[in-house]
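Subject: Structure handover

Hello,

Here is the structure we discussed, with its sequence. My notes on what was found follow below it.

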Amino acid sequence: MRNSIGLIEVEGLVGALEAADAAAKSANVSLVGMETAKGSGMITVKIEGEVAAVAASVEAGAMAASRLTKVVSKHVIPRPNIETYKLIDTYVEKKEVKTEVAENVEEVVEVKLENIEINEEIEEIKEVNKNKKKR
């Protein structure tokens with residue numbers, strides 16, 4: 001099962017950093033990154049994790065940022081489609097995810113083995129993030 005994605009769009013870097021910090025502290029989520037809109041000063045903070053955790057962290061991040069700057073929008077996408085993941089620069093984009101239908105059993109097995117490797121990498125990343133939070 002894929003995680004959910006949370007997005008918080010604010011005006012300015014300071015507000016974005018405040019949103020990211022509050023979101024990361026409020027629930028067991030991972031910060032995927034920040035993306036700056038060209039010329040407008042708006043920054044989108046991207047969060048990933050379990051649906052409930054992401055929803056809570058988006059609310060906490062937006063509330064914290066609103067004390068400093070304007071929160072333009074916030075949104076949670078529960079279990080997004082794999083194609084959506086590609087658009088938001090998560091680890092899935094960095095791996096060559098096969099979306100074509102396998103023509104034979106050998107291709108199906110190969111795709112499943114790659115997915116297992118990706119899931120293992122995801123679990124390692126989550127463990128590292130969890131250990132960082134404990135410190």
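Which residues of H1 meet which residues of H2? Before the answer, please note that this is a predicted model.

On the H1 side, the residues are Gly 15, Glu 18, Ala 19, Ala 22, Ala 23 and Ser 26. Their counterparts in H2 are Ala 56, Ser 57, Ala 60, Gly 61, Ala 64 and Ala 65. By type, the residues of this contact divide into 7 nonpolar, 4 polar and 1 charged. The two helices, H1 and H2, pack at an angle of about 145°, and their axes are 7 Å apart. Their crossing is right-handed.

For the chain as a whole, there are 5 helices and 4 strands. Along the sequence they follow the pattern β-α-β-β-α-β-α-α-α.

The sheet

The 4 strands form an open sheet in the order S2-S3-S1-S4, and the pairing is antiparallel. At the edges stand S2 (29-36) and S4 (71-77); each has a single partner strand, so one side of each is left without a neighbour in the sheet. From one strand to the next, the twist averages 15°. As background, strands of a sheet pair through backbone hydrogen bonds, in either a parallel or an antiparallel arrangement.

S2 pairs with S3 (residues 42-49) in the antiparallel sense, over 7 bridges.

H1 (residues 13-26) lies across S1 (4-11), S2 and S3, and runs at about 170° to S2. H2 (residues 51-66) also packs on the sheet, where it touches S1, S2, S3 and S4. The direction of H2 makes about 5° with that of S1.

Totals for the chain

- Of the 135 residues in the chain, 30% are buried.
- Among contacts with a separation of 6 or more, 68% are between residues 24 or more positions apart.
- The accessible surface comes to about 8,800 Å², and carbon and sulfur atoms account for 53% of that surface.

If you open the model, one place to begin is the contact of H1 with H2, including Ala 19 and Ala 60.

Regards

Technical notes:
Residues are numbered from 1 along each chain as its sequence is written. This is a predicted model: local features need pLDDT of at least 70, side-chain atom pairs count only at pLDDT 80 or more; totals for chains, interfaces and linings use all residues. Side-chain values use heavy atoms; hydrogens and water are left out. Two strands pair if DSSP finds at least two bridges between them. Axes are lines fitted to C-alpha atoms, for helices over the stretch in contact, and angles run from 0 to 180 degrees between N-to-C directions. Contact means heavy atoms within 4.5 Å. A crossing is left-handed if the near helix is turned anticlockwise from the far one by less than a right angle, and right-handed if clockwise. Ala, Val, Leu, Ile, Met, Phe, Trp, Tyr, Cys and Pro count as nonpolar, Asp, Glu, Lys and Arg as charged, and the others, Gly among them, as polar. Buried means under 20% relative accessible area, exposed over 50%, partly exposed in between (1.4 Å probe, protein chains only). Accessible areas come from the Shrake-Rupley method with a 1.4 Å probe; for residues, only the protein chains shown count as cover.
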